[in-house]
Amino acid sequence: MAAERTAVIGVGQTKYAAARRDVSIAGLLREAAYRALEMAERTWSDVDAVIIGKAPDFFEGVMMPEVYLAEALGAVGKPIMRVHTAGSVGGSTACVAASMVQSRVHRCVLTIGWEKQSESNAMWALSLPQPFATSVNAGAGGYFSPIIRRYMMMTGAPELIGCMVAHKDRRQALLNPYAHLHQHDLTFEQVVDSPMLWDPIRYSETCPSSDGACAMVLVDEASGDAHDGPVAWVHGTAMRSESNSYGGRNMVSPAASEQCADDVFAQAGIVDRRAEIDAVEMYVPFSWYEPMWLESLGFASVGEGWRMVESGATALDGGDLPVNCSGGVLSSNPIGASGMIRFAEAALQVMGAAGEHQVDGARRALGHAYGGGAQYYAMWIVGSGKP
Amino acid sequence: MIDVAVVSFAQRQEASIPGESEVEFMVPLMEQAKAAVDLTQADMGFTCSGSSDFLAGQAFSFVMTIDGTGPVPPISESHVEQDGAWALYEAWVKIQCGGIDTAFVYGYGKSSPGSLRDVLATQMDPYYVCPLWPDSYAVEALAARLMLEGGHVSERRLAEIAARSRVSAASNPHAVRSEPKTVDEILAEDHVLDPLRPSDLPAEADGGCAIVLAAGDRARELCERPAWIRGMDHRGDAHTLGVRDLTSSMSARLAAQHAGVADDKVDLAELYGPFTTSEHLLIDALGLDEDATAINPSGGALAAHTMMASGLIRIGEAASRIWSGDGDRAVAHATSGPCLQQNLVCVLEGD
Amino acid sequence: MADDPLAPPAALAGDVTVPPAVAGAEPVQSVCTPIRLSYTYTPGRALSRYLQAMAGKRILGERCGVTGQVFVPPRGVSPLAGTTTAGVVELADTGYVDSFNITRVPIERRPDLKPPYCSAWIVLDGASVGFMGLVINIPPEEVRIGMRVRAVWKPDDELETSAANIGGWEPTGEPDEVIDDYERLGRVGGQQP
């Protein structure tokens, strides 16, 4: 028996900000959930199960927060689950939520990803004193910058490609009212002149640290058919994980990334990836990951990803494969939600509901997330028509 | 629904495993569970695990453990920050989507590096309750007093549950508390958290377990008598202790109904009751008849409580008794959160 | 659904009566609730051996019994095979820079590190994987992918069972490792699985 066709009928996001001091953790999730339910024309009582995801519990100092959130998420008497797959978690959570419908276990699922980093100290949470290892890196930038250096050397990419990505995403974020960073006057020169933090990564090429939540309502085929509002159909979901340390590991384009992409494109029946996908929301916490993922995901051949960026192919304005029209992770990064935002923004594109950052006539879109030492991947493809 | 069975199970539980990291003690269990059905990681359609960063005292702690599966080439995989029983649930759902017929599931935890009672306090409402640092065992003592003073249970009944666990645990090599005690000896124990006595509390353990699931004909190939999952459901209660009835378990009752516990006789039940009080409530909520159903033949979590794995171990313990023919129909249960807040019920049957 | 679903319930929206003692006080916007948990970590078998050897200025890796790959620092498991590692391998304290990062921001836990400084993946001779270390005794901008380095150990009387015994990695002056082909640039370390 084939899997149940699954539809996204509601997307809700909070305003992303450095610190959402106006709401509690529960209030933050409810803000996103309410908006998703409202778009879906559903109420709490219509929800069969709640699937939530976030990055480490230490970020808020609450252990297994689905326990505390039961009432706030209308989950009393219902199943509630909590996914955690490092930075990819928002995407993985959406994949798990979709599986609840695809399996016919549930007909209507509410899924939420979030992070409220202001409640704790994320830098602290990420670097709890480890008695066995010496700490030589300040944050994730120190880990990913050597990989970016390898990519640059491998492909001969010009030094300012990363700045082009950062400038593009920050410009596109101006079209997204929920984005954390709205830098109206940011010029390309300012990006280039911003301080080098983890050479070759500049300050303006890094993601912010945000509070925020993103929610979606997923339903079965009959409910999707009956829904009056916009619908995004799930054409494929995939998750892949690998070890972050073995000899000969391709760190620039990890095998798990390539195989996850192969799986999700195959499920969606897509052959010419660049031609058949209309919008991409990919997880780009450091600007250089856009050209790197373009290659890893098969939108460009090896060494050609940066040329796509340089040519403007990934810009909302005039590009044939617009990437991160929402402004991406570079403009909003509530870690546990960041993956789900990618998935939700992909859905909004094919629903035709992305507002000012809508790609005209988008029919199929890719949502992408990764995490850990670039070792956890989650992807989905959504379409305006049924799979 | 697609028929899915538990076909392999390996566990380890000890009072503490100080000399080995989580991945070091999990690797042999993972290998053992796969080897028992002659499968390798490459044969697994999906992999899912359950563990907790707060227990490990380290963010992204599960990233260190995934290496134990041998995830090269990459694997289709996910992780829940819940007991491994919920990882098994996710894997079962994944198989229901079609396209795969095997899954690998594991759960693990070490409580010994920290103080479990304090660590679990951070599960409570972060604004109103956690700042008071409630001892999580004392929270259960509140429920116990309500049960005792409301006439829902007697101290003797709780002692009988504790004594039964010890008798059953004597034949379980993985139990960490198995020395026999009579009911009167238990009643003579001093209260540690009045009204709870030492024997009412879980026996904390380090450890983990690994399970292989297989669907349909694949399960029959791999296992002489697969333990078929006939129903599985999980439900939650409210978190706020003051708004729910701590003398019963609405969510366990609901999960049992949806899993179909009452559809037929139950030969044995493996219940994740960390306390004697929780076991008492669960027997009632699941509608079990103690004269007809063997309760916790492994000794249960009173005999060995491995945080993040005890629920998955209950499923493995129940399944292994189906394989051996000790029972034809079994119920396995997992819980999470204070005072049985969340409950998962799984009904297993032999052919 | 309510008109404004995010508005507080009507019962809470009205005037709140507060005791005279706190009348006029600022509303509570946030509370600080420090969490302190104490853990006694144990490093496990492989890392214990590694740290003990460190005290004697020796670097121990561990070998995968199936593929022969050598992991350092060892975790006691081969991710390639999903097995316990098969044996211990003593490695030289020399290797090369696989790639590097020049950090230009201060790092909270290492006030001793003055930016800019260079952290790098060091691949030891005989090892299959790289690990992070500091490159020292050379200006960061002169560090190169492929540059040969050796460990700079702390003075003997300061040695502990700690990875911090290696204060950093300095250039040996030998010719660079040649890492110029696509295949090898994408990949880290020596052997492919």
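## Strand pairing

Two strands are said to pair if DSSP finds at least two bridges between them. The model described here is predicted.

In chain C, strand 7 and strand 8 (residues 131–135) run antiparallel and are joined by five bridges. Within this pair, C:Ser119 has C:Leu134 of strand 8 of chain C as its bridge partner. Six residues lie between the two strands of this hairpin, where C:Gly126 takes a positive phi near 95°.

Strand 7 of chain C also pairs with strand 6 (residues 94–103) of chain C, in the antiparallel sense and over eight bridges. Here C:Val97 stands opposite C:Ile122 of strand 7.

Strand 7 of chain C covers residues 117–124, and eight of its eight residues are buried, so the strand is largely enclosed by the rest of the structure. A residue counts as buried if 20 or more other C-beta atoms lie within 10 Å of its own.

Both faces of the strand are covered. On one side, C:Tyr117, C:Ser119, C:Trp121 and C:Val123 are buried; on the other, C:Cys118, C:Ala120, C:Ile122 and C:Leu124 are buried.

## Contact between chains A and B

How many residues does each chain give to the contact? Chain A gives 50 residues and chain B gives 49.

On the side of chain B that touches chain A, several elements of chain B supply at least two residues each, among them helix 2 (53–56), strand 3 (77–80) and strand 6 (227–236). Helix 4 of chain B gives the most, with five residues. By class, this side of chain B has 21 nonpolar, 19 polar and nine charged residues.

Definitions and conventions. Residues numbered from 1 in each chain as written. Chains lettered and ligands numbered in written order. Predicted model: local features only at pLDDT ≥ 70, side-chain atom pairs only at ≥ 80, totals over all residues. Contact = placed C-beta atoms within 7 Å. Helix = DSSP H or I, 4+ residues; strand = E, 2+ residues; numbered from the N terminus. Nonpolar A, V, L, I, M, F, W, Y, C, P; charged D, E, K, R; others polar. Buried ≥ 20, exposed ≤ 12 C-beta atoms within 10 Å, placed from the backbone.
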